[in-house]
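Here's a quick briefing to keep open while you turn the model around on screen. Start with the strands, then move on to the domains and a loop.

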Amino acid sequence: MDKSPNWRETFVTAIVKTCGYSAVVFVILIFFFLLRQGLPALLEVKLGDLFTTRWYPIENHFGILPLLTGSLVVTVGAMLIAIPFGIGTAVFLAEIAPRWMREILKPLVELLGGIPSVVLGFLGILLLSPFLRVFLNLPTGLTALAGALLLGAIAIPTTVSIAEDALDSVPQGYREGALALGATKWQTIWRVTLPAARSGVLTALMLGVGRTIGETMAVMMVTGNAPVMAIKLTSILSPVRTMTATIAAEMGEVANGSSHYHVLFLIGLILFLISLAVNITASSVIFKSRKRAERVLS
Amino acid sequence: MKAVPLILLVSLLICSACGGSPGQTTPSARTSAYIQNKGSDTIVNLALAWAERYQTEHPDISISVTGGGSGTGIAALINGTVDIANASRAITADEIKQAKANGVNPVQVVISRDAIAVVVNPQNPVRRLTLQQISDIYSGKINNWTGVGGDDRPIVRLSRETNSGTHVYFLQTVIRLGDPKNTTLFSTDTLLLPSSEGIINEVRQNPNAIGYDGLGYIPPDLMNSVIAVAVDAGGAYVIPSITTVNNNSYPVSRDLYMYTNGQPTGAIKDYINWILSPEAQKIVADLGFVPIK
């Protein structure tokens with residue numbers, strides 16, 4: 001072996017390694033920046049004050065509980081919509097639709113994912129919220145439900161893409177075996193294919209959750225931004241204020257270094273940690289080593 | 001070579017981008033300046049109209065106007081990133097302290113006056129309210145329109161975000177009735193919408209809604225459902241207009257300000273002097289605000 005390929009090898013390996021490590025380094029640097037700007041909030045504002053129920057920062061009421069519950073309600077609502085529709089669409093595309101229909105539908109679903117969220121928010125204000133107000137007889141249509149519907153629409157393309165790929169990669173042998181044993185098509189899908197694609201489908205759901213928790217523009221326009229404690233079951237029908245909308249609406253006006261500034265960064269830190277937790281759960285599911293039975297069968 | 005046409009195309013595009021707007025004279029003896037103007041969303045349309053007129057008359061001056069709320073503008077002045085901050089509320093003592101700490105000395109100029117109009121849906125029969133009633137509605141004490149003589153409907157309160165000078169002014173003058181010791185706050189279920197357009201849109205199509213905004217932002221189709229406000233139950237109910245603001249009979253009117261770092265000099269001084277001139281104040285009236293006398 002002559003020397004030249006070795007030199008090229010090391011060079012390319014070095015570049016690829018730098019790119020890979022830099023991704024991790026950027027995330028760590030962002031984390032430390034958030035820590036540095038957000039932790040002073042814990043010193044400037046008493047912990048008890050941070051966990052009260054009134055968010056009114058211009059008069060030093062820094063209770064972040066309404067924001068946490070607001071984000072939670074909207075995310076849970078969005079996932080309740082995205083999970084059945086997302087998995088249903090993925091199953092339809094992968095298992096039931098004929099090949100030609102799949103070629104048309106899959107790009108269309110991904111097109112839905114390409115619509116800017118601010119456009120969806122605009123449609124939400126003009127069309128969805130008046131409709132909800134009249135249809136459900138609510139005081140106003142600017143509610144967590146409107147936000148959840150829009151976020152579900154935004155999360156569905158991500159979920160469908162990944163779940164459909166996961167279902168597609170289940171070996172054909174599984175389906176043939178089930179059919180040979182006398183199972184109907186639906187029994188095959190529900191009891192054999194879906195459980196086999198379990199890890200991919202769970203990843204798809206986790207990524208949908210991650211996308212939903214971080215969505216800003218659409219929720220800022222349709223949820224009404226009212227900092228209420230969204231803890232009752234009927235809270236989905238009331239206006240809420242999410243953490244992301246709070247940061248977007250207020251970051252412009254804060255003076256550098258004030259308590260309000262630090263509290264906003266603390267909220268950003270909480271969002272970062274939630275996304276991190278969701279992603280770690282998702283990757284622990286993908287990278288779990290396959291059971292011996294799955295290895296033997298495929 | 002295939003690269004030559006591509007290089008030609010790219011260089012052509014770059015040259016055309018450098019060409020600049022037609023009618024621009026080369027800056028020779030005149031001093032060209034760039035003024036940055038940021039802040040109140042109430043003032044932003046007015047500031048844009050002023051900037052456009054001033055730039056046609058003085059082509060060597062460029063003015064950039066952005067919104068973001070009074071709080072944003074003042075914060076930018078404190079951080080030193082803007083020349084003129086627009087504010088629809090006075091700078092607070094806290095902000096003055098922060099400014100001094102950053103070496104900034106805010107100087108205030110009153111550039112116009114404005115009325116805050118309280119507006120309801122055209123279907124709503126309520127057309128007159130006292131300041132106390134509006135305060136009770138917005139603080140959550142009254143939750144149904146029957147409490148002020150209307151239909152049996154829940155009240156949906158609309159407001160601007162907390163970074164808006166209009167929001168702060170409304171809190172101090174209407175909800176707290178001008179009393180600095182009052183600590184009443186907006187009710188927690190007040191919808192805080194990010195723009196005036198959002199408020200107008202919701203008031204227009206929701207019969208339960210009540211909202212407030214600068215008089216210049218009320219569109220013609222909602223002008224009939226502007227609330228006449230009385231200081232107290234025995235007093236006269238007054239509709240906001242240029243006349244009633246100037247003779248001080250409408251209780252919810254305010255001054256609009258521009259803040260600079262120190263006394264304005266050079267191009268900024270010329271611009272602000274022009275703003276206070278009759279020509280610029282006519283633009284104020286055209287846009288629905290109240291010219292300073």
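Strand β4 (residues 106-120) of chain B and β10(B) run antiparallel, joined by 9 bridges. This is a predicted model, where local features need pLDDT of at least 70, side-chain atom pairs count only at pLDDT 80 or more, and totals for chains, interfaces and linings use all residues. Residues are numbered from 1 along each chain as its sequence is written, while chains are lettered from A and ligands numbered from 1 in the order in which they are written.

**Around β10(B)**
- Helices (H or I, at least four residues) and strands (E, at least two) are DSSP runs numbered from the N terminus, and two strands pair if DSSP finds at least two bridges between them.
- Of the 9 residues of β10 (residues 253-261) in chain B, 7 are buried, so the strand is largely enclosed by the rest of the structure.
- Buried means 20 or more other C-beta atoms within 10 Å of a residue's own, exposed means 12 or fewer, and partly exposed is in between, with C-beta atoms placed from the backbone.

**Domains of chain A**
- An automatic or database domain assignment gives domain 1 (3-38) and domain 2 (43-297).
- Taken over C-alpha atoms, their centres are 30 Å apart.

**A loop in chain A**
- Pro116(A) sits in the loop between α5 (99-114) and α6 (117-135).
- Pro116(A) is exposed, with 10 other C-beta atoms within 10 Å.
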